[in-house]
Amino acid sequence: MKIDEFISTLPNSILTGDSVVIPDDFIRKMFSFSNLNKDDIFYHLGIGNNSSTLRIALEEFKVKKAVGIDINATIIDEIKSKTKIIKNAYAINENVTSCSLSEATVIFSWFTDEKISKSLSKKFESELDSGSRIISIWSPPALYLPDKIDFPILVCEKPFKIGVDIKDQLKAIYKTDCIDFTAAWNLADRYIKSFGTVDLRHHRFLNILQSLIIWFNARDLGIACENEIPPPVKSYVEILKYFFNIDLTEFYQSTVNL
């Protein structure tokens, strides 16, 4: 099946991210890396099913206040139910692009939608005080350049540094001017392992699929190191096609963004 057919077989909650639950240990790692502390007010934008971020921020990192925001009213009701006995935990049903962020000192934002990312980056510039930190996973908002990196965790601190283009961001995050397939494989592997939730039986399949997506997207953005499709990419495309019935041969001409 084509990649878009494969995606269509996945539950909608997976595609929207509503069912994604970030492991507690990963949350603790994010908070420690961003130096979350008792002087902070923490906001989680697009909180989904991750009430643990509020609980851990308040109970373990002793923040003054923890706020989760989501456009899904059902999710917010569930968050309120789970955090009702936790002092200074708040869940707000609102669009993240229109809510006030002025009191936040640390924000966790993990949006892949380019329009949302650009809108939020403008709010970060206009509403946040100097010294405020933005935590993101995999890539920062818009063309922000991270101040601290423990891939896939990235932290940007205001005043924010802005890149001219995607190549500036690539160099800042990965310390390279381009991505070859080995780098794509290592990035996918590190990303999958960092969450610690993937069954070992499925790790290699996910590593193959994600590394191919990374490389093809890098090629179409003009930041792949290779001018031609490298042999490992061709081999893994064939493996996915004949052993998993997932056909990525269309990627030879164009990329489907996931």
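Helices are DSSP runs of H or I with at least four residues, numbered from the N terminus. Ser81 lies in one such run, helix H5, which spans residues 73-83. The model described here is predicted. Ser81 has a relative accessibility of 46% and counts as partly exposed, because that class lies between the 20% and 50% cut-offs. Ser81 and Ser51 are separated by 30 residues in sequence. Their C-alpha atoms are 9.7 Å apart in space.

The chain contains 10 helices and nine strands. Of its 258 residues, 45% are buried. Among contacts with a separation of 6 or more, 62% join residues 24 or more positions apart.

Seven strands form an open sheet. Their order is E3-E2-E1-E4-E5-E8-E7, and the pairing is mixed. Strand E3 (89-93) and strand E7 (148-150) stand at the edges. Each has a single partner strand, so one side of each is left without a neighbour in the sheet. On average, neighbouring strands of this sheet are turned by 15° against each other, direction ignored.

Within this sheet, strand E1 covers residues 41-45 and strand E4 covers residues 106-109. The two pair in the parallel sense over four bridges. Phe42 has Val106 in E4 as its bridge partner. Tyr43 has Ile107 of E4 as its bridge partner. E4 also pairs with E5, again in the parallel sense, over three bridges. Here Val106 stands opposite Arg133 of E5. Phe108 is bridged to Ile135 of E5.

Strand E5 is mostly covered, with five of its five residues buried. Arg133, Ile135 and Ile137 lie on one side of E5. Ile134 and Ser136 lie on the other. Both faces of E5 are covered, and the residues on each are buried.

H5 lies across strand E2 (65-70) and E3. The helix runs at about 170° to E3. H6 packs on the sheet and touches E1, E4 and strand E5 (133-137). The direction of H6 makes about 175° with that of E4.

Lys123 is placed in helix H6, which comprises residues 114-127. Lys123 has a relative accessible area of 8%. The residue is therefore buried, since the cut-off for this class is under 20%. The Lys123 side chain reaches the backbone oxygen of Cys99 at 2.6 Å. Leaving aside residues up to four places away in sequence, Lys123 touches Val96, Thr97, Ser98, Cys99, Leu101 and Leu128.

Two packed helices are described by the angle between their axes and the distance between the axes. Helix H3 covers residues 24-33 and helix H4 covers residues 52-59. Their axes come within 10 Å and cross at roughly 50°. H3 and H4 are therefore oblique to each other. The crossing of H3 past H4 is right-handed. On the H3 side, Asp24, Ile27, Arg28 and Phe31 take part. They meet Ser52, Thr53, Arg55, Ile56 and Ala57 in H4.

Helix H8 (residues 181-195) and helix H9 (residues 200-220) form the second pair. They pack at an angle of about 130°, and their axes are 8 Å apart. That angle makes H8 oblique to H9. The crossing of H8 and H9 is right-handed. H8 contributes Phe181, Ala184, Trp185, Leu187, Ala188, Asp189, Tyr191, Ile192 and Lys193 to the contact. Residues contributed by H9 include His203, Arg204, Leu206, Asn207, Ile208 and Gln210. Ser211, Leu212, Ile214 and Trp215 of H9 also take part.

Terms used: Residues are numbered from 1 along each chain as its sequence is written. This is a predicted model: local features need pLDDT of at least 70, side-chain atom pairs count only at pLDDT 80 or more; totals for chains, interfaces and linings use all residues. Side-chain values use heavy atoms; hydrogens and water are left out. Buried means under 20% relative accessible area, exposed over 50%, partly exposed in between (1.4 Å probe, protein chains only). A polar contact is a pair of N or O atoms within 3.5 Å; within protein, one must be able to donate a hydrogen and the other to accept it, and residues adjacent in sequence count only if both atoms are side-chain atoms. Contact means heavy atoms within 4.5 Å. Two strands pair if DSSP finds at least two bridges between them. Axes are lines fitted to C-alpha atoms, for helices over the stretch in contact, and angles run from 0 to 180 degrees between N-to-C directions. Angles under 35 degrees count as roughly parallel, over 145 as roughly antiparallel, 65 to 115 as roughly perpendicular and the rest as oblique. A crossing is left-handed if the near helix is turned anticlockwise from the far one by less than a right angle, and right-handed if clockwise.
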